[in-house]
Amino acid sequence: AQESRIALKARLGAVEAAYRNLPFTTRVYPFWTDMGAAYAASDIAVSRAGGSSLAELAALGIPAVLLPFPQAADDHQRINAETAAAAGGAFCVSPGQEDLGRRALAWLCWDPAARERMRERMRAHGRPGARDDVADRVIRSARRCRRGEPPSTARGPEPGLSAAMPL
């Protein structure tokens, strides 16, 4: 087994030392420019729970152990992680539950059937057409604004758009 890890440049040496005596190969990088290659090589992800990261994991069906950033605005990473966990595609590990995270990761490493079930659930949790949905909403709002109509929808006004906004 091999693990690749991205760590802050300032913590690179400490992270490498922590992994040195483990029974598998670990490569630690300060930055990764080709996330497509990283995801393609991944069977499992250990990740924060930002919206973009979760969208990518869901689109690719990569099961995850999620560690929400506790200082994230409006606790959105915890909410994201709990939603992915409720869908069955991830584990949400809150601060103080690191042992749960280690057990979940070990289970996923050693149980390919569980990994496959979570992969299917993570993929089902995704919204593959979300990009196009957002683009369509923006275009519809822009057209309404050009006609002098309010940009409101059933969900209310779209943030940052108004009938007076030049397009």
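**Close-up views of the predicted model**

**View A. Surroundings of the side chain of Arg 115.** A polar atom of the Arg 115 side chain lies 2.5 Å from the backbone oxygen of Leu 108. The model is predicted: local features need pLDDT of at least 70 and side-chain atom pairs count only at pLDDT 80 or more, whereas totals for chains, interfaces and linings use all residues. Residues are numbered from 1 along each chain as its sequence is written, and side-chain values use heavy atoms, with hydrogens and water left out. Arg 115 belongs to helix H6, residues 112-125; helices (H or I, at least four residues) and strands (E, at least two) are DSSP runs numbered from the N terminus. Although buried, Arg 115 has no salt bridge, and Asp 43, the nearest side chain of opposite charge, is 5.1 Å away. Here, buried denotes under 20% relative accessible area, exposed over 50%, and partly exposed the range in between (1.4 Å probe, protein chains only). A salt bridge requires a side-chain nitrogen of Lys or Arg within 4 Å of a carboxyl oxygen of Asp or Glu. For charge, Lys and Arg count as positive and Asp and Glu as negative, while His and the chain ends are not counted. When neighbours within four places in sequence are set aside, Arg 115 is in contact (heavy atoms within 4.5 Å) with Asp 43, Ile 44, Pro 63, Leu 108, Cys 109 and Trp 110.

View B. Two strands pair if DSSP finds at least two bridges between them; E4 (residues 64-66) and E5 are joined in the parallel sense by three bridges. Ala 64 has Ala 90 as its bridge partner in E5.

**View C. The salt bridge of Glu 82 and Arg 78 within helix H4.** The closest N and O atoms of this salt bridge are 2.7 Å apart. Glu 82 and Arg 78 are separated by four residues, about one turn of the helix. Glu 82 counts as partly exposed because its relative accessibility is 36%; Arg 78, at 29%, also counts as partly exposed.

View D. The side chains of Glu 149 and Arg 147 make a polar contact at 2.9 Å. A polar contact is a pair of N or O atoms within 3.5 Å; within protein, one must be able to donate a hydrogen and the other to accept it, and residues adjacent in sequence count only if both atoms are side-chain atoms. Glu 149 is partly exposed at 31% relative accessibility, whereas Arg 147 is exposed at 52%.

**View E. A salt-bridge network that includes Arg 119.** Shared partners link Asp 43, Glu 116 and Arg 119 into one network of salt bridges. Within it, the side chains of Arg 119 and Glu 116 meet at 3.7 Å, N to O. Arg 119 is buried at 16% relative accessible area, while Glu 116 is partly exposed at 36%.
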